[in-house]
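Okay, everyone, thanks for making time. Let me put the structure up, and then we'll walk through a couple of its pieces together.

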Amino acid sequence: MKESSAADKMIEVVDLHKRFKDLHVLKGISTVITRSEVVAIMGPSGGGKSTFLRCLNRLEEPTSGHIYIEGVDIMTPYIDINKVRTEIGMVFQSFNLFPHLTAIENIKLAPMHVRGISDREATERGMALLEKVGLTGKALSYPEQLSGGQQQRVAIARALAMQPQIMFFDEPTSALDPEMIGEVLDVMRTMVHEGMTMVLVSHEMGFIREAADRILFLADGVIVEEGPPEQIFRDSRHPRTQEFLRAIL
Amino acid sequence: MQSQPGPPDITHKFLRTHPAWFRVVRRPIFLAVTFVVMVAFAMFVLPQPESAVPAWLYSSISLFLLLILAWSGNILADRDKPEVLKLAVSFALIAVLAWLFYRYSGAQWDKLTEFFLNFPKLKGNWWILRNGLGVTLMLAVISAAGSILVGLAVAILRTYNSPTLNLFLKAYIDILRSIPMIVIMVLLFFALPFAGISMGSIMSTVVALSLGYGAYTAESFRAGIESVHSGQTEAARSLGLSRWQTLRRVILPQAIPVVIPPLTGNLVSMLKDTAVASLVAAPELLKRARELYTAKTNPTPLVAAALIYLAVLIPLVRVVNMLENRRKKRAP
């Protein structure tokens with residue numbers, strides 16, 4: 001874990017709770033994520049990983065607690081959550097590309113209508129992003145004409161088009177055929193090298209071992225254990241973590 | 001000789017077998033012979049309607065009916081007979097049944113034609129019906145636009161999921177869908193003037209149809225909006241698009257193609273319901289036909305109106321069907 005000064009705090013979560021009616025999904029989560037840090041969230045299904053990630057940009061409304069994004073508590077009133085979300089790119093398990101738009105239109109949509117950038121400039125930037133994810137030739141393809149791996153790379157380009165400070169990945173490779181996982185992880189790897197702050201829900205052990213600075217092990221709505229990948233993978237202390245790792249390794 | 005096509009020497013445990021009489025009955029030669037027998041029966045055995053003894057009349061007609069139904073049923077139920085033959089047999093059956101009815105029913109055909117199909121009486125008055133059709137189409141087009149606006153607005157407001165708002169929107173939808181169109185129209189036209197609001201017959205028709213069909217249209221739009229996967233909203237919102245931008249740029253472009261077939265269906269029903277406006281004296285097609293009916297003391301104008309409705313609506317119904325089929329083909 002890197003040394004963190006107050007200015008370097010990108011995300012600070014304080015005592016976050018989420019209840020769905022009778023179900024207490026998140027039971028008081030607190031953590032700090034610093035600039036350029038790559039945090040992997042692992043844990044059993046139903047443990048609240050996705051819910052936690054979705055609470056961080058309030059796609060899911062937290063029940064209580066505080067979330068500071070770049071020092072601002074986004075749980076207070078007088079927050080324009082749309083402005084917060086432009087700072088946070090999000091990539092979903094099921095890609096969620098807009099099926100009625102081509103790849104380049106998917107990428108241009110938010111820059112044009114949220115940032116108010118001209119069509120021409122948005123197209124230029126979009127093409128640059130498509131080149132970055134290796135899909136220059138697919139600009140005019142519709143999502144249904146693309147493979148899963150290609151769709152997910154377009155989805156990453158779409159998120160990057162808003163020039164976010166932070167990227168969230170919610171199981172980005174879980175819906176992919178094995179031979180397509182690599183191409184998506186390659187794109188994510190370049191983002192890590194560029195110093196993007198990333199929060200990642202995933203069970204890609206190889207990628208996490210290589211790229212993550214820290215693992216949060218989330219089970220039953222609490223952070224059971226956290227630490228750098230080597231420590232968690234090699235000698236985790238908590239029986240819940242050990243049991244989980246034994247099952248998936 | 002076998003009646004079934006295919007090489008006759010096939011023997012396996014799944015071979016389709018029929019009893020011997022069944023195979024005989026389905027042979028073309030048998031069908032041809034029985035056909036001749038039936039024609040002979042119709043020509044020489046069936047008695048004159050007036051002259052026959054009732055018992056003989058009834059029993060011979062019953063026997064004839066039994067014969068033709070069995071004969072055509074035998075062909076229609078046979079999977080191996082060509083479809084063209086079945087079509088021809090169906091039409092022939094209908095024609096024969098109509099001929100039997102015409103000959104033996106004892107109806108007063110000349111009077112029927114004089115009252116209901118007396119088209120020469122309409123000579124020089126077709127323009128009245130044409131004007132009526134013009135008013136009908138105008139009512140339909142304006143009300144269609146109105147109901148789509150009302151329906152879209154209600155459907156969009158419902159996406160806000162505000163319990164208070166939904167209470168009122170649901171009340172509007174449920175109430176308007178539960179009152180017959182005729183009652184809405186009569187209330188608007190005859191009751192509202194006592195509340196100090198009076199609308200002309202055209203205006204009250206347009207308002208009634210827009211509000212009434214707006215309720216149905218709202219439900220269609222809502223179904224379309226709900227058919228768009230929630231991941232679409234999440235992706236759009238996570239990019240920083242506002243709720244309205246998400247609706248306009250992401251949800252509606254996907255929902256509207258889904259909604260068009262049911263919507264067109266609604267509009268066809270609405271075009272038919274414009275006839276209700278004749279009750280509040282809007283000068284549309286049915287009203288004009290009824291005026292002519294009174295003036296000529298002959299109901300032929302009503303038949304003419306029915307034919308005009310048919311001529312306008314059949315193509316529309318076909319279009320709706322086509323849209324639905326195209327949609328089904330495109331759906332994964």
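So, which residues of H4 in chain A are buried? In this predicted model, they are A:Ala122, A:Gly126, A:Leu129 and A:Leu130. Look down the axis and you'll find that they cover an arc of only 100°, which puts them on the same side of H4(A). What sits over them? The cover for the buried residues of H4(A) includes helix H3 (103-115) and helix H5 (148-160), also in chain A.

Quick check on the helix itself. H4(A) runs over residues 119-132, so that's 14 residues, and at 1.5 Å a residue they should span 20 Å. The end C-alpha atoms are 20 Å apart, so the two agree. Just past the helix, A:Gly134 takes a positive phi of about 75°.

Okay, on to the sheet. Chain A has an open sheet of four strands, in the order S2-S1-S4-S5, and the pairing is antiparallel. Strands S2 (23-34) and S5 (72-73) stand at the edges with a single partner strand each, so one side of each has no neighbour in the sheet. Zoom in on S5(A): its antiparallel pairing with S4(A), residues 64-69, goes over two bridges. There, A:Val72 is the bridge partner of A:Ile69.

Last stop: helix H1 of chain A, residues 49-56. H1(A) lies across strands S1 (9-20), S2 and S4 of chain A, and runs at about 60° to S2(A).

Note on methods
Residues numbered from 1 in each chain as written. Chains lettered and ligands numbered in written order. Predicted model: local features only at pLDDT ≥ 70, side-chain atom pairs only at ≥ 80, totals over all residues. Expected span 1.5 Å × (residues − 1). Buried ≥ 20, exposed ≤ 12 C-beta atoms within 10 Å, placed from the backbone. Arc of directions from axis to C-beta. Contact = placed C-beta atoms within 7 Å. Pairing = 2+ DSSP bridges. Axes fitted to C-alpha atoms, helices over the stretch in contact; angles between N-to-C directions.
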